[in-house]
Amino acid sequence: MDETDYEALAEAYVCYEGLVEDASLQDRRGLTKSQCAIIWALAAMDGMSVGTLAKHVAVSKEQATRMVNTLAERGLVARTRDQGNGRIVNVSLTNKGNDELARRIRERNASMGKMLAPLSEDDRRRLVESARTSAQILKRALCGPQCAAPIPAPRPESSSPESRP
C-alpha cells in the first residue's frame, strides 16, 4: 500500500465515523460515548470478556471494567464468571440492555435514512455493499475470525426488565 491508499482509508473512516456517530450518539441518555460503544460491541458478540470489550472500544481493561460496572449498576449489562477460567469476567446485555439497544438501533436507522436520503438508490446500494465488505475485512484485521460475523439483528424488546440468565 502507498500513501494515497492510507489517505483513502483515513478519509473513508472519517466519513463513516461521522455518519454513524451522528446517527448513533445523538441521544446518549446519560451514557458516555465509550459506554455506548460497549453496548454496540455486545450487540456484535454478546458474552465477551472485559478484556475483549476493552480491545473493541480501544480503552484499557481498567477503563472497560469501570464502564461495565456503571452499565451493570444501570441494569444494562450482567457480569458472569467464565466457566472455564473463573478469573475471566464475561459481559452480556440484560433484557433492559437489549431494549436500550433496540431503541438505539431504531433511532440510528431513522437518522441514517434521513442523512442518506439525498443519495440516489444506486449510490445507497453501492455504499451498503462496500460497507458490508469493509466491515468484514476490518473485523478480521482488528480482532480475528471470532469478530468476523455480521452484527445480528436486535432481539425483540422484552416485556420484563430483569436480566437474562
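## Surface patch and salt bridges

Met-1, Tyr-6 and Leu-9 make a nonpolar surface patch of about 370 Å². The model described here is predicted. Met-1 sits in the segment before helix 1 (3-24) and is exposed, with a relative accessible area of 65%.

The protein has 6 helices and 3 strands, and from the N terminus on its elements run α-α-β-α-α-β-β-α-α. Of its 165 residues, 30% count as buried. The accessible surface comes to about 10,500 Å², and carbon and sulfur atoms hold 55% of that area. Among contacts with a separation of 6 or more, 57% are between residues 24 or more positions apart.

Side chains of opposite charge can pair when their charged atoms come close. The structure holds 8 salt bridges, including those in the table.

| Salt bridge | Closest N and O atoms |
|---|---|
| Arg-124 and Glu-121 | 2.7 Å |
| Arg-126 and Asp-122 | 3.8 Å |
| Asp-123 and Arg-126 | 3.1 Å |

Arg-124 and Glu-121 both lie in helix 6 (residues 121-143), 3 residues apart, which is about one turn of the helix. Arg-124 is partly exposed at 25% relative accessible area, whereas Glu-121 is exposed at 56%.

Arg-126 and Asp-122 are also in helix 6, 4 residues apart, again about one turn. Arg-126 counts as partly exposed at 47% relative accessibility, and Asp-122 is partly exposed with a relative accessible area of 37%.

Asp-123 and Arg-126 are 3 residues apart in helix 6, so about one helical turn separates them. Asp-123 is partly exposed, at 31% relative accessibility. Salt bridges that share partners join Asp-122, Asp-123, Arg-125, Arg-126 and Glu-129 into one network.

Terms used:
Residues are numbered from 1 along each chain as its sequence is written. This is a predicted model: local features need pLDDT of at least 70, side-chain atom pairs count only at pLDDT 80 or more; totals for chains, interfaces and linings use all residues. Side-chain values use heavy atoms; hydrogens and water are left out. Patches are made of residues with over 30% relative accessible area and no salt bridge: like charges are joined within 9 Å, nonpolar side chains (Val, Leu, Ile, Met, Phe, Trp, Tyr) within 5 Å. Accessible areas come from the Shrake-Rupley method with a 1.4 Å probe; for residues, only the protein chains shown count as cover. A salt bridge is a side-chain nitrogen of Lys or Arg within 4 Å of a carboxyl oxygen of Asp or Glu. Helices (H or I, at least four residues) and strands (E, at least two) are DSSP runs, numbered from the N terminus. Buried means under 20% relative accessible area, exposed over 50%, partly exposed in between (1.4 Å probe, protein chains only). Contact means heavy atoms within 4.5 Å.
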